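Please look over the sequence and the model shown here before reading on. The explanation is meant for someone who has not seen this structure before.

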Amino acid sequence: MDKSRFLKASGITIASSMLSQFLDAQATSAPRTNWSGNLTYSAPSLLEPHTASEVQSTVRNHHHLRALGSRHSFNGIADSIDNQIAPAALKSIDIDSSGRSVMVGSGVRYGDLASVIDAKGFALHNLASLPHISVAGAIATATHGSGIDNGNLATAVSGFEFVAANGELVYLSRTDHPDVFAGAAVHLGALGILTRVALDLQPTYQVAQTVYLDLPFAQLEHHLIDIFSSGYSVSLFTDWQQSRATQVWIKRRSDHSDTVLGAEFYGARRASVKMHPILGHPADACTEQLGIPGPWYERLPHFRMNFTPSSGSELQTEYFVPLDRGYEAIRAVETLRERITPLLFVTELRTIAADDLWMSMAHQRLSLAIHFTWKPEWPAVRQILPEIESKLAPFGPRPHWAKLFTIPGPQLDRQYPRLGDFKALAAKYDPTGKFRNEYLQTNLYST
Ligand SMILES: Cc1cc2nc3c(=O)[nH]c(=O)nc-3n(C[C@H](O)[C@H](O)[C@H](O)COP(=O)(O)OP(=O)(O)OC[C@H]3O[C@@H](n4cnc5c(N)ncnc54)[C@H](O)[C@@H]3O)c2cc1C
């Protein structure tokens with residue numbers, strides 16, 4: 001029921017701020033897909049609240065709900081048998097300059113936030129490959145960028161507010177709730193519907209991006225750490241052919257006293273034109289390269305805000321392994337190159353600092369992430385994933401929560417020593433399973 005019909009039917013006048021405490025968010029039922037289009041959500045209805053109190057009443061009034069962010073996940077993690085709730089209208093950005101912190105509404109995307117904090121002299125520690133994703137949805141899945149000393153994006157969260165299953169607002173913070181906060185930050189959408197997130201800020205900085213071409217894999221055997229430490233954020237791309245990284249993207253902070261990058265880098269040569277990670281794709285969609293310095297938020301992502309990131313119609317998979325076994329893991333995957341390459345747009349290799357967040361793929365492990373951007377050919381990709389997972393099994397792979405994988409739930413259990421504690425935390429805020437969905441059931445609750 002909309003607000004005016006409610007007023008007529010009830011015959012009473014209630015201030016609209018009070019009214020929003022009783023009314024549900026507006027619901028629509030048009031079919032919805034994720035960003036890539038590989039998944040049509042099965043949830044019949046989408047609820048779109050405009051205030052935190054509308055989120056509260058919506059949560060109170062429904063038995064099953066799942067939050068939907070900017071829809072960039074490739075699997076059913078944001079799906080529901082019943083309702084999705086998208087707080088995209090919660091767009092507040094409040095900077096606390098003295099506390100070096102920003103509080104954002106859960107509808108805010110990194111691309112909305114970056115220029116606002118930069119204008120006030122602040123920056124985030126890192127960004128993912130694209131700025132288009134929501135903060136609440138990115139931290140849910142431990143979304144990450146690269147950098148040997150850079151934790152995933154959830155490591156910058158100092159607190160967040162959410163609506164628990166009973167409709168109450170809860171605020172958890174790193175300082176006031178240090179024990180459960182480490183469990184809650186990578187929340188997988190399982191605790192409730194986030195309404196606000198607080199992020200750590202640091203003084204703004206400039207970054208210059210330089211690309212090198214054709215780095216032999218043989219260089220990784222003894223120089224893996226040196227290569228990934230050569231910049232603030234480093235990515236290697238490969239098509240798995242000819243035993244080489246096709247491109248190395250080195251993002252260096254101007255305020256870090258680095259040595260000058262030369263024309264040659266571990267056998268690779270410096271690119272003299274701007275590159276797209278997928279060979280043959282136009283580079284206009286990519287952030288500035290060629291060593292030209294610019295603001296952190298226009299260099300740390302690979303892709304620009306107003307352009308389609310990556311390929312567009314694609315699938316993605318990513319596995320985290322310990323960095324100290326990274327070279328072995330790369331060589332193990334390489335043995336499948338003749339099967340992988342025909343299905344692949346590109347592979348990216350990145351590093352992520354170890355953290356203490358219970359459900360983070362980098363939990364207590366400095367990690368190498370081996371990522372695959374696949375062509376949209378799911379039946380064939382579905383066949384090769386178990387083979388890659390079997391090659392990576394000796395390294396204890398942890399799949400990215402938001403991407404496509406086939407590792408069974410009981411095997412995932414073994415990779416997350418705090419999973420039992422996370423389930424207990426979820427049960428505390430959601431005792432009836434209001435926020436559970438098939439994805440969580442399969443991957444977290446199958447044993
Ligand atoms: C082109 C492309 C590039 C990508 N690059 C990277 C990358 O560089 N690094 C990386 O790690 N990942 C990357 N990803 C994956 C992406 O970061 C994750 O899928 C991320 O979780 C997407 O966030 P979202 O806002 O789209 O959330 P959705 O996909 O909509 O949802 C993800 C999860 O967040 C939960 N959620 C969303 N909002 C809320 C809320 N308000 N309250 C509670 N739960 C909520 C959902 O329930 C769901 O569980 C990429 C994806 C694409 C499509």
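Predicted model: local features only at pLDDT ≥ 70, side-chain atom pairs only at ≥ 80, totals over all residues.

Residues are numbered from 1 along each chain as its sequence is written, and side-chain values use heavy atoms, with hydrogens and water left out. The pLDDT is the predictor's confidence in each residue, from 0 to 100. Its mean over the protein chain is 93, and 94% of the residues reach 70 or more. Residues 1-18 have a pLDDT below 50, and this stretch has 13 contacts in the model beyond near neighbours in sequence; a contact means heavy atoms within 4.5 Å.

Next come the sheets. Helices (H or I, at least four residues) and strands (E, at least two) are DSSP runs, numbered from the N terminus, and two strands pair if DSSP finds at least two bridges between them.

Strand 1 and strand 2 run antiparallel and are joined by three bridges, with alanine 27 having leucine 47 in strand 2 as its bridge partner. Strand 2 (residues 45-48) also pairs with strand 4 (residues 83-85), in the parallel sense and over three bridges. Here serine 45 is partnered by asparagine 83 in strand 4, and leucine 46 by glutamine 84.

Another open sheet has five strands in the order 5-6-10-8-9, with antiparallel pairing. Strand 5 (93-96) and strand 9 (169-173) are at its edges, each with a single partner strand, so one side of each lacks a neighbour in the sheet. Strand 5 pairs with strand 6 (residues 101-105) in the antiparallel sense over four bridges, and isoleucine 93 stands opposite valine 104 in strand 6. Helix 4 (residues 110-119) lies across strand 5, strand 6 and strand 10 (193-200), at about 35 degrees to strand 5.

Last is a pocket (on a 1 Å grid over the protein atoms alone, an open set of points where a 1.4 Å probe fits, with protein on both sides within 12 Å along at least five of seven lines; lining residues have an atom within 4 Å of a point). Of the 22 residues lining the second largest pocket, Asn75, Gly76, Glu438, Tyr439 and Asn443 are the closest to its centre. Helix 13 gives the largest share of this lining, four residues.

Conventions
Axes fitted to C-alpha atoms, helices over the stretch in contact; angles between N-to-C directions.
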